[in-house]
Amino acid sequence: MKKHVRLLLLTCAAFLLLSYSQTASAIREKNREYYETRGEIVWEVPTKSKIIALTFDDGPDPGYTPQIAALLKKYEAKSTFFMVGSRVSQYPEVVRSLAQDQHEIANHTYSHPDIRRLSAERLREEVEKTQEAIHSVTGTKPTLFRPPGGYYSESIVHTAKQSGFLVIMWSWHQDTRDWADPGVKKIVDKVLNNARNGDIVLFHDYGGNRKQTVQALEQILPELKKRGYSFVTVSELMKHSGRLKQVDRAD
């Protein structure tokens, strides 16, 4: 009888150990290293060249986006704008002007929902509707997608890939948090004190008063240019390092 109890306990212990191991493995698979190694999400692009990609989320905005575009033009900077589809439809001329200046227009969903609550089908509708809006204005179809809030999961990555997108985040040391209006100095210091080759920097051109973002860029752009940096789009950054991958659209 005691032997049967010991055998049962050993069996249970082995099962629990296996379950724990599988759970731990699943958790490890979902971290940055897992997705970055597979080339399914990009946070930054290691390179020896002094190039940086400035990115702007949530626009376009009829007031702040043109101000930002004017500064970028002044310092010969090309950037990537991750746009919300509903706002693309609302302000097509702003989008068209950015595209004409050779900035990259990328996908940021149609309504900027809490992506964690969306089904795969609903997310697909969001990105494809945005794709249609951008294509109708610029004549191009983006291949880059940034999930709102920077949330990602197996489902989000898989759905994005099925729809023909590569997921783009930002360098963890280059989240300016400008949406929270932390002050111009904090935004400037965040970027300048942490600038590295191949960074992807996160700004916002919509979501309230973006005056601090504009004022910070007035200092950031000339200083980085003085340090020898060039400003490129995310796709250009990836091409430069040879890491740009073709994302196959599922049948």
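In this predicted model, lysine 50 lies over the face of tyrosine 229, at 4.6 Å from the ring centre. A second contact of this kind involves arginine 116, which is placed over the face of tyrosine 151 at 4.0 Å from the ring centre.

Rings also pair with one another. A pair of aromatic rings is described by the distance of the centres and the angle of the planes. Searching the whole structure gives seven aromatic pairs. Two of them are listed here.

| Pair | Centre to centre | Angle between planes | Class |
|---|---|---|---|
| Tryptophan 43 and tyrosine 152 | 5.6 Å | 80° | edge-to-face |
| Phenylalanine 56 and phenylalanine 203 | 5.3 Å | 20° | stacked |

The pair of tryptophan 43 and tyrosine 152 is edge-to-face because its planes stand at 80°, and angles over 60 degrees fall in that class. It links distant parts of the chain, 109 residues apart. Tryptophan 43 is in the loop between strand E1 (41-42) and strand E2 (51-57), while tyrosine 152 is in the loop between strand E5 (144-145) and helix H7 (154-162). Tryptophan 43 has 1% relative accessibility and therefore counts as buried. Tyrosine 152, at 27%, counts as partly exposed.

Both residues also belong to a cluster in which ring pairs link Tyr34, Tyr35, Trp43, Tyr152 and Trp172.

The stacked pair of phenylalanine 56 and phenylalanine 203 likewise links distant parts of the chain, 147 residues apart. Phenylalanine 56 is in strand E2 and phenylalanine 203 in strand E7 (residues 200-204). Phenylalanine 56 and phenylalanine 203 are both buried.

Note on methods. Residues numbered from 1 in each chain as written. Predicted model: local features only at pLDDT ≥ 70, side-chain atom pairs only at ≥ 80, totals over all residues. Heavy atoms only, no water. Phe/Tyr/Trp six-rings, centres within 6.5 Å; stacked < 30°, edge-to-face > 60°. Helix = DSSP H or I, 4+ residues; strand = E, 2+ residues; numbered from the N terminus. Buried < 20%, exposed > 50% of the residue type's maximum accessible area, 1.4 Å probe, protein only. Lys NZ or Arg CZ within 6 Å of the ring centre and 35° of its normal.
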